[in-house]
Amino acid sequence: MHCINLSLSDRKIIVIAKVLLVEDTPSLARVYAEYLKKAAFTVETVETGAAALEALRETVPQVVLLDLQLPDMNGMEILKHVSGQQIPTAVVVITAHASVNLAVEAMRYGAYDFVVKPFTADRLLVTVRNAVERLRLAQIVDTFTDELGRSRFHGFIGSSFPMQAVYRIIDSAAASRATVFITGESGTGKEVCAEAIHRQSPRRDKPFVAINCGAIPKELMESEIFGHAKGAFTGAVAEREGAAARADGGTLFLDEICEMELGLQTKLLRFIQTGTFQKVGGTRLEKVDLRILCATNRDPLREVEENRFREDLYYRLHVIPVHLPPLREREDDVLDIARQFLIDYAAEEGKSFSHFHPAVEQVLRHYHWPGNVRQLQNVIRNVVVLHDGAEVAAAMLPPPLNQHSALQFQSSHRYAAPAEDSPAAPRSFGESGQVAQVLEPQGGQAAAVAEPRPIRPLWLVEKEAIEEAIAACDGNIPRAAALLGISASTIYRKRMAWEAEGRA
């Protein structure tokens, strides 16, 4: 059987290789179709150029066998249409009137091969099989290009190789029920990673409940996770549902898991093993179905070695590790993130900032960012709140970046020193404030009580965006692809995948 495997978010979609045969001589068409069907190809036969164009609008075959001498048009017009629309199909020209000039012209418009009548069944099948294989390899290249070229992924911004690796792990792990253990320095976006896994998973329509184990008093932590019965302790005036019950069917994210005290770790281990728990002060055993994600900015193995974290719990949680790279190791991602923060905060504060001075970009790129994305976020907010203008100048940077700027450019003549009447740099820079998501405003625990927006499946959002772009471009797929910032072959491939999944 001849098929093409398309990879879409690590799901394999098998598409039987289809051949569109454009041949106006019925007897020859029947012979060629019989050759192909015996070799397990699916064949659609048309006799005119108009019918061929209509068939190409309906679906995209893997191979087009194209006779150039058609009753209503020259087959070369169809080849030009395929080339102009960037339709991802391999065109094999078949003709009885061969010439060097004709072959050269056909190849110039993207024909995969040129076959002269009469030809044997073996010659036809070898040519078609090779065309299918070439198309398969081209689609693999397109898939890797799309995935390695991602500059945004849910709440993340960044196209660096370290982040591409993170995106791939999230793609692979999202569909599983396995526990994910996220590590990384403070401010690298561990909660963003957890939300990305949830949004990419089959549980995306169910609750995502996050608990920061380091921000809740230890004596209240058990109640926060499992809930409590009325009268369980002083102040428990009513029964309360815990995070485990609220996350039923969805995802429970335990941030800063290494801050959890050992006694509660034992109860958490039992909960993970059985899926059951009791509320504090309660007697009834409750069962939930949820996925657990956890994170820490510490070295969890060292915590185990120093007896601050249970070894059995560590191995129970550490099924799929995801390490988030610090900002200083993410190449030029810092500039992309900074520009997005600048646009967001300028709009929020009613300021006119639109870009950074080249000197500022150098500082942002070379600063070591011990506070990672959270520190970068605070720096940009500081600049936007205290200054205004179209361009962020070096003098606007708060400490310690202003000292970094002076040291870097004092010994360089690439940029002029700030004028004496430049706006004074702020004298202090606060590090307070928590971020729940890289692209979302600060708000502490507000995200936990805000009214959630309805979340639709990612494939549906993507499909609607693509179809709207095609409609806006009057069906011109290459133009729509250019406006969307993707290749036309990507649109065709996604359409084939949706059709194969019954989502067309």
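Biologist: Which residue is the bridge partner of Val-19 in β5?

Modeller: In this predicted model, Val-19 has Val-63 as its bridge partner in β5.

Biologist: And in β4, what is the bridge partner of Val-19?

Modeller: In β4 that partner is Val-43. The chain goes from β3 through α1 to β4, and this β-α-β crossover is right-handed.

Biologist: How many bridges join β3 to β4, and how many join β3 to β5?

Modeller: Strand β3, residues 18–22, is joined to β4 by 5 bridges, and 4 bridges join β3 to β5. β3 and β4 run parallel, and β3 and β5 also run parallel. Another bridge pair is Leu-20 with Glu-44 in β4.

Biologist: What holds paired strands together in general?

Modeller: Strands of a sheet pair through backbone hydrogen bonds, in either a parallel or an antiparallel way.

Biologist: In what order do the strands stand in this sheet?

Modeller: The order is β4-β3-β5-β6-β7, which makes an open sheet of 5 strands with parallel pairing. β4 (42–46) and β7 (113–116) are at the edges with a single partner strand each, so one side of each has no neighbour in the sheet. From one strand to the next, the twist averages 20 degrees.

Biologist: Is β3 mostly covered or mostly open?

Modeller: β3 is mostly covered, with 5 of its 5 residues buried.

Biologist: Which strands does helix α1 lie across?

Modeller: Helix α1, residues 26–38, lies across β3, β4, β5 (63–67) and β6 (90–95). The helix runs at about 170 degrees to β4. Helix α2, residues 49–58, also packs on the sheet, where α2 touches β3, β4 and β5. The direction of α2 makes about 160 degrees with that of β3.

Biologist: Switching to rings. How many aromatic pairs are there?

Modeller: The count comes to 11 aromatic pairs. One of them is Tyr-32 with Phe-119: the ring centres are 4.9 Å apart and the planes are at 25 degrees, so the pair is stacked.

Biologist: Where do Tyr-32 and Phe-119 lie?

Modeller: Tyr-32 is in helix α1 and Phe-119 is in the loop between β7 and α5 (121–148), so the pair ties together parts 87 residues apart in sequence.

Biologist: Are those two buried or exposed?

Modeller: Tyr-32 and Phe-119 are both buried.

A further pair is Phe-156 with Tyr-167, whose ring centres are 6.2 Å apart with planes at 45 degrees, so this pair is tilted. Phe-156 is in strand β9 (residues 156–157) and Tyr-167 is in helix α6 (residues 161–174), 11 residues apart.

Biologist: How buried are Phe-156 and Tyr-167, as relative accessibility?

Modeller: Phe-156 has a relative accessible area of 1%, and Tyr-167 is at 0%. Both values fall under the 20% cut-off for buried. Ring pairs also link Phe-153 with Phe-156 and Tyr-167 into a cluster.

Biologist: What about charges over rings, which residue lies over the face of Tyr-345?

Modeller: That is Arg-381, at 4.1 Å from the ring centre of Tyr-345. In another case, the charged end of Lys-463 sits over the ring of Trp-498, 5.9 Å from the centre.

Biologist: New topic. Where is Ser-201 found?

Modeller: Ser-201 is in the loop between α7 (190–200) and β11 (208–212). At 3% relative accessibility, Ser-201 counts as buried.

Biologist: What does Ser-201 touch, leaving out residues up to four places away in sequence?

Modeller: Ser-201 touches Ala-174 and Arg-291.

Biologist: Which strand pairs with β11 over 5 bridges?

Modeller: β14 pairs with β11 in the parallel sense. Ala-210 has Phe-253 in β14 as its bridge partner. β14 also pairs in the parallel sense with strand β17 (residues 291–296), over 4 bridges. There Phe-253 stands opposite Leu-293.

Key. Residues are numbered from 1 along each chain as its sequence is written. This is a predicted model: local features need pLDDT of at least 70, side-chain atom pairs count only at pLDDT 80 or more; totals for chains, interfaces and linings use all residues. Side-chain values use heavy atoms; hydrogens and water are left out. Two strands pair if DSSP finds at least two bridges between them. Helices (H or I, at least four residues) and strands (E, at least two) are DSSP runs, numbered from the N terminus. Axes are lines fitted to C-alpha atoms, for helices over the stretch in contact, and angles run from 0 to 180 degrees between N-to-C directions. Contact means heavy atoms within 4.5 Å. Buried means under 20% relative accessible area, exposed over 50%, partly exposed in between (1.4 Å probe, protein chains only). A crossover is right-handed if, with the strands pointing away from the viewer, the path from the first strand over the helix to the second runs clockwise. Rings of Phe, Tyr and Trp (its six-membered ring) pair if their centres lie within 6.5 Å; planes under 30 degrees apart count as stacked, over 60 as edge-to-face and the rest as tilted. A charge sits over a ring if NZ of Lys or CZ of Arg is within 6 Å of the ring centre and within 35 degrees of the ring normal.
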